[in-house]
Every structure is written in structure tokens, then in C-alpha cells.
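Please look at the sequence and the model below. The paragraphs that follow go through the helices, strands and side chains in turn.

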Amino acid sequence: MEEFVGQRLSRDYVEWVKVYHGSNPGCYIDVDGEPYPFDRWLSISEEVGDDDFCHVMGEYRQMYLTDDSDPSLPKGFVLFAWDGQNKWYCFDNRGSAESPSIVLINWEAHYEDDPDYVVTKIKGSFSELMNSLFYPST
């Protein structure tokens, strides 16, 4: 997968995803006191046919390699999860491939029109993301 997306992946993510890829945690991330939905880990298994929307490589293709992709979106994002509203949680390798931050990508807008709307910083690292996951109290 790293070869396909052209980026190294965080070691803590690699260990985590070996166990939990493709699962639906249905939890939230605390982002500065605001709950952000965290719905699905994307699978790292082999893609099957055209139904590859639940796979990292299929979503990467959608992000960068199809006619519908935003050509102004910078390279360096690697998707790993959804938020439940078809936004992508991604590693942002533009600053550091060794310690990428976590961002939320809103694919419904073009980066060149409003970069801050398209890319929202969520956490400074995968470990910070994992430590901020929570289930709402009932």
C-alpha cells in the first residue's frame, strides 16, 4: 500500500490497522472540545472489483486519480478513515512524512477555492487521534 500511495505510513497506524481495518467504531474525536464523527476505518485488504470505496487504495484513486478528482488538491494526503459524512480522515505528509498530522478533507469543494474549508487539521499525530476517540454517553 505504501508503494501505491507513494508515502510511508506511520508505524503506530500500521500496527493498529493490521487488527482493526475496515471496522465501524461509531465513535467521535474530540477536536478542541467539539465532537467530530469517526465512522469507518478504511480497509487495507485487496480490493474487489469496482466496489472499492471502503479501501484505502480505492479512496486514494478517487482522491487523486479519477476525472472527478480535484486537480488543485496537493499531493501528500493518505486516507485512512471516513467521518460518516463522506469526508476523509487523512495523514498529512506535506510537513513531515516521519510524523504526519491528521486532517479532515472535505471533498465537496475545490482546494484552490478555499484551502481552509477543504483541509481541517484534526490532530498532530495518529497517537493523539487515538487518545481523543470517545463514545458519547447515553
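Which exposed residues does the face of α2 turned away from its buried side carry? That face holds Glu-15, Lys-18 and Val-19. Here buried means under 20% relative accessible area, exposed means over 50%, and partly exposed lies in between, with a 1.4 Å probe and protein chains only. Helices (H or I, at least four residues) and strands (E, at least two) are DSSP runs, numbered from the N terminus.

This is a predicted model, in which local features need pLDDT of at least 70 and side-chain atom pairs count only at pLDDT 80 or more, while totals for chains, interfaces and linings use all residues. Residues are numbered from 1 along each chain as its sequence is written, and side-chain values use heavy atoms, with hydrogens and water left out.

Start with the overall outline. The protein has five helices and eight strands. In sequence order they give the pattern α-α-β-β-β-α-β-β-β-α-β-α-β. The radius of gyration is 14 Å, close to the 14 Å that the globule rule gives for 138 residues, so the protein is as compact as a globular protein of that length. The radius is taken over C-alpha atoms, and the globule rule is 2.2 Å times the number of residues to the power 0.38. The C-alpha trace spans about 45 × 35 × 30 Å along its principal axes. Of the 138 residues, 43% are buried. Contact means heavy atoms within 4.5 Å. Among contacts with a separation of 6 or more, 42% are between residues 24 or more positions apart.

Now return to helix α2. Its buried residues are Tyr-13, Val-14 and Val-17. Seen down the helix axis, these buried residues fall within an arc of 100°, so they line one face of α2. The arc is that of the directions from the helix axis to the C-beta atoms. The buried residues of α2 pack against β3 (40–41), α3 (56–65), β4, β5 and α5 (126–132).

What does β5 pair with? Two strands pair if DSSP finds at least two bridges between them. Five bridges join β4 to β5, and the two run antiparallel. Val-78 stands opposite Phe-91 in this pairing. β4 and β5 form a hairpin with five residues between them, and Gly-84 in the turn has a positive phi of about 100°. Strand β6 (residues 101–105) is also joined to β5 by five bridges, again antiparallel. There, Ser-101 is the bridge partner of Asp-92.

Asp-92 also takes part in the one salt bridge that the structure holds. A salt bridge is a side-chain nitrogen of Lys or Arg within 4 Å of a carboxyl oxygen of Asp or Glu. The partner of Asp-92 is Arg-94, at 2.8 Å from N to O. Asp-92 is buried, with a relative accessible area of 9%, whereas Arg-94 is partly exposed at 39%.

Next come the aromatic rings. Rings of Phe, Tyr and Trp (its six-membered ring) pair if their centres lie within 6.5 Å; planes under 30 degrees apart count as stacked, over 60 as edge-to-face and the rest as tilted. By this rule there are 13 aromatic pairs. In one of them, the rings of Tyr-13 and Phe-91 have centres 5.0 Å apart and planes at 70°, so the pair is edge-to-face. Tyr-13 lies in α2 (residues 11–20) and Phe-91 in β5 (residues 88–92), so the pair ties together parts that are 78 residues apart in sequence. Tyr-13 is buried at 1% relative accessibility, and Phe-91 is buried at 2%. Phe-91 also pairs with Phe-80: the centres are 4.6 Å apart and the planes at 40°, so this pair is tilted. Phe-80 is in β4 (residues 77–82), 11 residues from Phe-91. Phe-80 has a relative accessible area of 0% and is buried. Tyr-13, Phe-80 and Phe-91 belong to one aromatic cluster, which also includes Trp-16, Phe-38, Trp-41, Tyr-89 and Phe-126.

Cys-27 stands opposite Phe-38 in β2. Five bridges join β1 (residues 27–31) to β2 (residues 34–38), and these strands run antiparallel.
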